[in-house]
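Welcome, and thanks for taking a look at this one with me. Below are some numbered notes to read alongside the model.

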Amino acid sequence: MPRTPRNDFAGTRHHVMNRTVGRRAFRTDADRALFLGLLAELPGRFAVSVVAWALMPTHYHLLLEDRDGRLGEAMAWFNGQLARTLNRRRNWRGALFRARYRNRVVLDEAYWRNALAYVHLNPVRSGAVSHPDESIWTSHRAYIGLETAPSWLAREEQLGLYGTLEAYQARIGDLVRGSAQLPPEWGDDRVWVLPSTQGVNPIDVPPAVTTIDPDAGLAQVAELTGVPVEELLQGRRGRTGNLPRALACWWLGRACGMTRVRIAEKLGTTPLAVAGAANRVRADKGQLAEWRDVLLQRWLAPLAR
């Protein structure tokens, strides 16, 4: 039976996991150094940004942003390098992992926000530590400044979903104490089940292969709102004047597959401002909602069919 095709296209976010065979495990600082060294190469080799990681004795979790649609190529290289190096070091034979890696495409901002906490809480759930601050085997300490964050760890956008570093730390504290819970879908039995697209409106599903060119996307926003592209790039003062620019922030991510960092560079703003603008568009029930629905129906729905 042929393997199920991977869900992937340029600009996607992924929650990735793989588990080792039998008693084969990651247990030493040398194992951790190997793992981190390979992660550090993903952005340059494959245009895959590393947002978060957790390395457990028998499995790992990754949050990745795939800018060019090359996740399969990147993970084949990553898992292959891990297997070859550890097999050589420990005189193992055969496969290191039980199967090919599992990935879940993340389309929802709330899910992506919760994913960071889920990954960083892995050592707590296993009983290895009582708080993520105590574990050196995740990216949590780099997020909060207990360790120097490596240049390849793309943490700014993710923290933007929490608003502030303090808000992220408060969320982690609430989850550790049990005063807050992750949504039910985060049970270990279900987290790796890819969501079905049956019964979902096509406009809620990104295009499978083709995405809209960013300049074309800006032109679409300009045509709809009556605001020239030059003004979208420069911005207007005041919340009312910023409505078309907020729409552009959301559309460049939704239809053009751009990360918040790339959107911020194009519009001359910050990733945090981009995240706020996009969230505003998604939550709006007035003018922004009208424009949003027109863009989806006119430009994105035909690509998703």
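**Notes for a first look**

1. You will find Arg98 in the loop between helix 2 and strand 4. Please keep in mind throughout that this is a predicted model.

2. Which residues does Arg98 touch, leaving aside those up to four places away in sequence? They are Arg19, Thr20 and Val21. Take Arg19 from that list: 79 residues separate Arg98 and Arg19 in sequence, yet their C-alpha atoms are 6.1 Å apart in space.

3. Now step back for the overall picture. The protein has 13 helices and four strands. It has 305 residues, of which 49% count as buried. Among contacts in the protein with a separation of 6 or more, 70% are between residues 24 or more positions apart.

4. Return to the loop between helix 2 (71-90) and strand 4 (102-105), where Asn91 also lies. The phi of Asn91 is near 55°, which is a positive value in a residue other than glycine. For background, most residues other than glycine have a negative phi. Asn91 has 56% relative accessibility, so it counts as exposed.

5. Ala47 deserves a look for its backbone too. Its phi is near 55°, again positive in a residue that is not glycine. Ala47 sits in the loop between helix 1 and strand 2 (48-55). Is Ala47 buried or exposed? Its relative accessibility is 12%, so Ala47 counts as buried.

6. Phe46 is found in helix 1. Its relative accessibility is 5%, and therefore Phe46 counts as buried. Setting aside residues up to four places away in sequence, Phe46 touches Arg70, Glu73, Ala74 and Trp77. Phe46 and Leu71 are 25 residues apart in sequence, with 7.7 Å between their C-alpha atoms.

7. Ala76 lies in helix 2. Because its relative accessibility is 52%, Ala76 counts as exposed. The C-alpha atoms of Ala76 and Arg100 are separated by 8.5 Å, and these two residues are 24 residues apart along the chain.

8. Next, the aromatic side chains. How many aromatic pairs does a search of the whole structure find? The search finds nine. Phe35 and Tyr60 make a tilted pair, because their ring centres are 5.7 Å apart and their planes are at 55°. This pair links distant parts of the chain: Phe35 belongs to helix 1 (residues 29-46) and Tyr60 to strand 3 (residues 59-66), 25 residues apart. Both Phe35 and Tyr60 are buried.

9. Phe35, Trp53, Tyr60, Phe78 and Phe97 form one aromatic cluster. Selecting these five residues together is a friendly way to view it.

10. What lies over the face of Tyr118? It is Arg125, at 4.2 Å from the ring centre.

11. Helix 8 (residues 214-225) packs with helix 10 (residues 243-254) at an angle of about 145°, and their axes are 10 Å apart. The crossing of helix 8 and helix 10 is right-handed. On the helix 8 side, Pro214, Gly217, Leu218, Gln220, Val221, Leu224 and Thr225 take part; helix 10 meets them with Pro244, Leu247, Ala248, Trp251 and Leu252. The residues of this contact divide into nine nonpolar, three polar and no charged.

12. Finally, follow Leu218, which lies in helix 8. Its relative accessible area is 3%, so Leu218 is buried. Not counting residues up to four places away in sequence, Leu218 touches Val229, Leu232, Leu233, Ala248, Leu252, Lys266 and Leu267. Of these, Ala248 and Leu252 were named above on the helix 10 side of the contact. Leu218 and Arg245 are 27 residues apart along the chain, and 9.5 Å separates their C-alpha atoms.

Key
Residues are numbered from 1 along each chain as its sequence is written. This is a predicted model: local features need pLDDT of at least 70, side-chain atom pairs count only at pLDDT 80 or more; totals for chains, interfaces and linings use all residues. Side-chain values use heavy atoms; hydrogens and water are left out. Axes are lines fitted to C-alpha atoms, for helices over the stretch in contact, and angles run from 0 to 180 degrees between N-to-C directions. Helices (H or I, at least four residues) and strands (E, at least two) are DSSP runs, numbered from the N terminus. A crossing is left-handed if the near helix is turned anticlockwise from the far one by less than a right angle, and right-handed if clockwise. Contact means heavy atoms within 4.5 Å. Ala, Val, Leu, Ile, Met, Phe, Trp, Tyr, Cys and Pro count as nonpolar, Asp, Glu, Lys and Arg as charged, and the others, Gly among them, as polar. Rings of Phe, Tyr and Trp (its six-membered ring) pair if their centres lie within 6.5 Å; planes under 30 degrees apart count as stacked, over 60 as edge-to-face and the rest as tilted. Buried means under 20% relative accessible area, exposed over 50%, partly exposed in between (1.4 Å probe, protein chains only). A charge sits over a ring if NZ of Lys or CZ of Arg is within 6 Å of the ring centre and within 35 degrees of the ring normal.
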